[in-house]
Amino acid sequence: MNGPTIWLMVSLLANIGMAVALWRFVRTNRQRRDELKHRQQAQIDDKERIAIALEGARLGFWEWDIATDSFRLSARSLAMFGLTSDEEVGATHAAWQARIHPEDLPVVLAKVRAYQENPSEQLECEYRVRHRSGVWIWVLDRGRWLGDAGRQLIVSTLLDISSRKEMEQQLLRMAITDPLTGLSNRRAFNERLQLEWERLKRSPEIQAALVLCDIDHFKRINDTYGHGCSDEVLKHFASRLREHVRATDMAARIGGEEFAVLLEAASIEDAQVWAERFRQDTAATAVVCGEVSISYSASMGVALLDPRLHSVEQVMQQADSALYQAKRQGRNQVVGAQVFQN
C-alpha cells in the first residue's frame, strides 16, 4: 500500500478507537447516573417506608445534636402536643425540658446523662409533657445514640401512652378503693397504718391515733329498709367521715359497716375529742332513702399508735377492744383504749 492509503487506514482506526472510547465513557456515565438515581430513589423509598411505619405506629420522634444543642421535634410529635412548629417548643434541649412535668424531669435528666455516659444501655423513660391546652400527656420515650467522632446525636421515638396510664391509674384505684363508698379499702389502710407505725418508731416524739367506727344496729337497718337503703347509710356515713378528716389523715372502710381513721399528729385526747365530735354529728343527721328518713348512730374505739407496743396489730387490738366496750356500754359512744404503761 502506498503512503496515503496507510495514513487513511491509521486515521480510520484512530477514529474508530476514539468512537469506542467515547461510547464506553457515555455508557459508564449513564450507568453511574442510573446507579446514583437508583440509590437516591432507594433512600427516598426508605424514608417513605420509615415515615409510613412511624405514622402507622403513631410514633413521633425527636433528635438532639448535643454538640450544638440543636433540638428538633417531628411533625407527628408536634401534633401530639397540640403544636404547629418547632418555634413553639424552642430549638434547644433546655426548652424541651421546660415542657416536661417538674416531678418527672429529674428522672428524665438522670436517664439521659446515664445514657450519654454509656450509650450501650437503652434509653427508655416514661414521663409527662405539657400539651398546648395545659393538660399533661404521658409519653414513652425510647432513644438511640447515633453519634460518631464528628457528631453527637441522639434520636428518640415518642409514643402517647396517656390512655394506658389512665387505665393503670383506674386499676390502681380499684385495688385500693372501696367501690361502694369511694374510701380507701382495708388493704390500703393497713399499708398506710404500717408506714405510719414505722415512722413513729423512728421519731417517737411524733404522735398519731387510730379510731375504729362501727355503725350501730346495722343489721336491723338492713332487715328493715333493705339493701338499697343500708347502702345509702354506708355512703352517707362515708361522706360525713370524709368531711371530718384532714388532708393528712386517712379514712377507710375496712369491713361491712366498720370504718377506720388514722389521725396524724394527734394524741389520745385529741383523737377522742375528734371522735366525739364526729359521733355527735352522725347522731344528729339522717339519711333520706325514698320516702323514709333513717336516723342512725355509731360506736367508736380510740387507740394511740404507741411505738412501745410490739406491733401495729396490737394497736388494732386495743382500738377494737375499746370499740366493743363502747358497744357493750350501750352503743353510740366513744371509748379510748388505756394508754400503754411501762
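In which helix is the place of His236? I found His236 in helix H8, which covers residues 227–244. I kept in mind that this is a predicted model.

Next I asked myself: is His236 buried or exposed? Its relative accessibility came out at 17%, and buried means under 20%, so I put His236 down as buried.

Setting aside neighbours within four places in sequence, I listed Thr285, Ala286, Val287 and Tyr296 as residues in contact with His236.

Tyr296 turned up again when I went through the aromatic rings. Ring pairs join Tyr296 with Phe237, Phe259, Trp274 and Phe278 into a cluster. My search of the whole structure gave 7 aromatic pairs.

I also checked for charges over rings. The charged end of Lys165 lies over the ring of Trp138, and I noted 4.5 Å to the ring centre.

Last, I took down the figures for the protein as a whole. I counted 10 helices and 12 strands. The protein has 342 residues, and 37% of them count as buried. For contacts with a separation of 6 or more, I wrote that 60% come from residues 24 or more positions apart.

Methods:
Residues are numbered from 1 along each chain as its sequence is written. This is a predicted model: local features need pLDDT of at least 70, side-chain atom pairs count only at pLDDT 80 or more; totals for chains, interfaces and linings use all residues. Side-chain values use heavy atoms; hydrogens and water are left out. Rings of Phe, Tyr and Trp (its six-membered ring) pair if their centres lie within 6.5 Å; planes under 30 degrees apart count as stacked, over 60 as edge-to-face and the rest as tilted. A charge sits over a ring if NZ of Lys or CZ of Arg is within 6 Å of the ring centre and within 35 degrees of the ring normal. Helices (H or I, at least four residues) and strands (E, at least two) are DSSP runs, numbered from the N terminus. Buried means under 20% relative accessible area, exposed over 50%, partly exposed in between (1.4 Å probe, protein chains only). Contact means heavy atoms within 4.5 Å.
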